[in-house]
Amino acid sequence: MSLSSILLDTVEPFHCSLDATSRAEYADFSAIDPHKLPKSVQDQCDNDTHCVGYGKNRIIFRHWPRDPKGQAIKPSPLRGKEAGNGLDLWGATLYDFYHVRRLPNVPNYITNSTGSRLAKWMRQAGELTAKDELYWADKEEDPKEIPVADIGELISCFDTRVRLGIFNQYSFANENAEGAATASVQLNEPMQVCETGETPVLQQRIPLHLLPKKLHVHDPWNKLSIHKGDTDHQTPWLSKVANRQDIVRTYSLSLGPEGKEAALKAQKLDEIEEDAATKEEGVIRIFPSNKEGPTEEPLIEVIIPPRPRRRTQVEEAHLYLSPPAVGSGNHSVVYSVEWELPRDLFIDASLCRACVELDARQQIQKLKDDGKWEALLNNPRGKPEETEEEHSKEEIFTVEPARVVRVASYSGPALRVRTNVKWRAPWELCGHCGSVSGTVPRTASVLVVAKLSIEHDLHLAREANNYQSFPDHFFQHWNGYNVMPPLHDPVPVGALCPQFYGYYTPDDPTDGTSHPNYLSPILLLEYCGREIDPDELCKDDKQECASLVFRFHHAGWLHESFAARNILWQQGKPTEWPIQRPYSTKSFRLIDFGRSRKLDSSLTRASEEDTALRLLHLLHHAD
């Protein structure tokens, strides 16, 4: 390993030493929140202006004890645990980062490292004196990608509220006159998704091959012509449409060569997987009793048909564009838009277990009524040696962090029946699980942003190509923290940029209308909040913002337009459910990649990093 892969930099050690009480705090796993500092450390950070971590909630506060006779830590090929971005210093919690002496007998020659890396090095060197730290490192959670709040669940929540009459529309196109006046969702303030009747915000990644090939854009205000559109923003959407003022234009997905190749490859893999998955029958087991002990009733194994195929492509979708703009720049204008997509893109077909069990019991009752049940009991068709299945509802006896889940185990004969229940499409409801029977629309509406460009400007096309070239980890949320050079404190490992939902160009600039010839292309992106004000950010948030551009550089990219307007913040994390976000921390994203390019010079990198540090008042630019 290179020297920096085990030892990041020589730093001043944190002055808050752990006394016996603080050490006991993190020795007792169940008594701590590993994502918060120990109370004694946090108190000093809050109150002692001379403390290195003053004003912060995320610092490295643990010290890895060294054997005075131990070896110097030298370059080694050993690496610790890493998130998808491949950065050297990753820890699952704040307790997984350490200051460590590179030379055991030199007190001030200290560097930053992680428990997983140090544990490997110490074991290789035979230095096993730090037993508590080694034990903690062995218990550390592995890096993993964290999914965002499931948009399918948020859509189902929206549907339930519609059916209950809490609000009465599924999309802009179906709003009544009273509701249409507020059709444009104002994004200048943080949104609470699906809590006040708003359309769910799409934050999940959509693979390139599942982006719609055609987009029917509804633009009653003619905003696609940029500066020549209708300035009457008071007329409700429904009134515009009723007066035949809706302008519908057709756009086509435009991917670059790299994007097309990736999309084609992903679609072929999807089709192969679907071919295999849709040939396999499944089994649902109905246990004879919920009580322990012998029973005279057999296990019922219900054979269920293969699931329907999932989508491997989307032919078309609708986009509803309305004022006012939620952002603008020298080259572009950004609008909040509703995107209407096939419902089965987000929600899979389902087979209701309640319906399957009811059907199985009806079949069994018919066998009993026909006098065939006893004969089947004497000659069961299946005799599994032992069957185990976890209950659909967990019985949890202990609060976190430990829990006990009861598992049903059965030994004996089994009878098989084949269900008559069919898989239900996402728009079909059976009435179980708290829903009412019936249907919902075959489409679902989600909120995204549409970025438009002025005529003759090439930034939008370049930005779209850059999005298609970015590595996957730019779009992923991971657990844990990174220490991102030249910073010395842990920062969360969230997505670096918005999700990319396609770049679309008009099929016909005039589309048979008398409107201006120029129609802007459309770049669809995830909504990520509003621009930061550096003066209103705490030190932790400033470091997280700076880490975005440092991560961008680490991956080999130069932003070329780093400014406060190109960092967005929102309350809470996309991986949290909307109801949790008001009580969570801020999350940040880097945007506007129209000038970005592959990094080719350390000088330009250093200049941009200094710009970031100056903007955010960090390190040598600190106030």
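1. Strand E10 and strand E16 (residues 443–453) pair in the antiparallel sense over eleven bridges. Two strands are taken to pair if DSSP finds at least two bridges between them. Within this pairing, Val333 stands opposite Leu452 in E16. Helices (H or I, at least four residues) and strands (E, at least two) are DSSP runs, numbered from the N terminus.

2. The model under review is predicted: local features need pLDDT of at least 70, side-chain atom pairs count only at pLDDT 80 or more, and totals for chains, interfaces and linings use all residues. Residues are numbered from 1 along each chain as its sequence is written, and side-chain values use heavy atoms, with hydrogens and water left out.

3. Strand E10 also pairs with strand E9 (residues 316–328), to which it is joined antiparallel by seven bridges. A hairpin of three residues connects E9 to E10, and Gly327 has Val334 of E10 as its bridge partner. Eleven of the eleven residues of E10 (residues 332–342) are buried, so this strand is largely enclosed by the rest of the structure. Buried means under 20% relative accessible area, exposed over 50%, and partly exposed in between (1.4 Å probe, protein chains only).

4. For the chain as a whole, there are 14 helices and 25 strands. Of its 623 residues, 48% are buried. Among contacts with a separation of 6 or more, 75% are between residues 24 or more positions apart; a contact means heavy atoms within 4.5 Å. The accessible surface of the chain comes to about 30700 Å², and carbon and sulfur atoms hold 49% of that surface. Accessible areas come from the Shrake-Rupley method with a 1.4 Å probe; for residues, only the protein chains shown count as cover.

5. Strand E19 (residues 500–506) is mostly covered, with five of its seven residues buried. Three bridges join E19 to strand E6 (residues 248–253) in the antiparallel sense, and Leu253 has Tyr504 of E19 as its bridge partner. Strand E20 (residues 522–525) is likewise joined to E19 by three bridges and runs antiparallel to E19. Here Phe500 stands opposite Leu525 in E20.

6. An open sheet is formed by three strands in the order E21-E23-E24, with antiparallel pairing. Strand E21 (530–531) and E24 stand at the edges, each with a single partner strand, so one side of each is left without a neighbour in the sheet. Five bridges join strand E23 (residues 567–571) to E24, and Leu568 has Arg589 of E24 as its bridge partner.

7. The largest pocket has a volume of about 1400 Å³. Its lining consists of 45 residues, of which Pro34, His35, Ala92, Tyr481 and Lys573 lie nearest the centre. The elements that give two or more residues to this lining are helix H13 (539–554) and strand E24 (586–590). Strand E24 provides the largest share, four residues. By class, the lining has 17 nonpolar, 13 polar and 15 charged residues.

8. The pocket terms are as follows. On a 1 Å grid over the protein atoms alone, a pocket is an open set of points where a 1.4 Å probe fits, with protein on both sides within 12 Å along at least five of seven lines; lining residues have an atom within 4 Å of a point. Grid points are joined across faces, edges and corners, and a volume is the space filled by probe spheres set on the points. Ala, Val, Leu, Ile, Met, Phe, Trp, Tyr, Cys and Pro count as nonpolar, Asp, Glu, Lys and Arg as charged, and the others, Gly among them, as polar.
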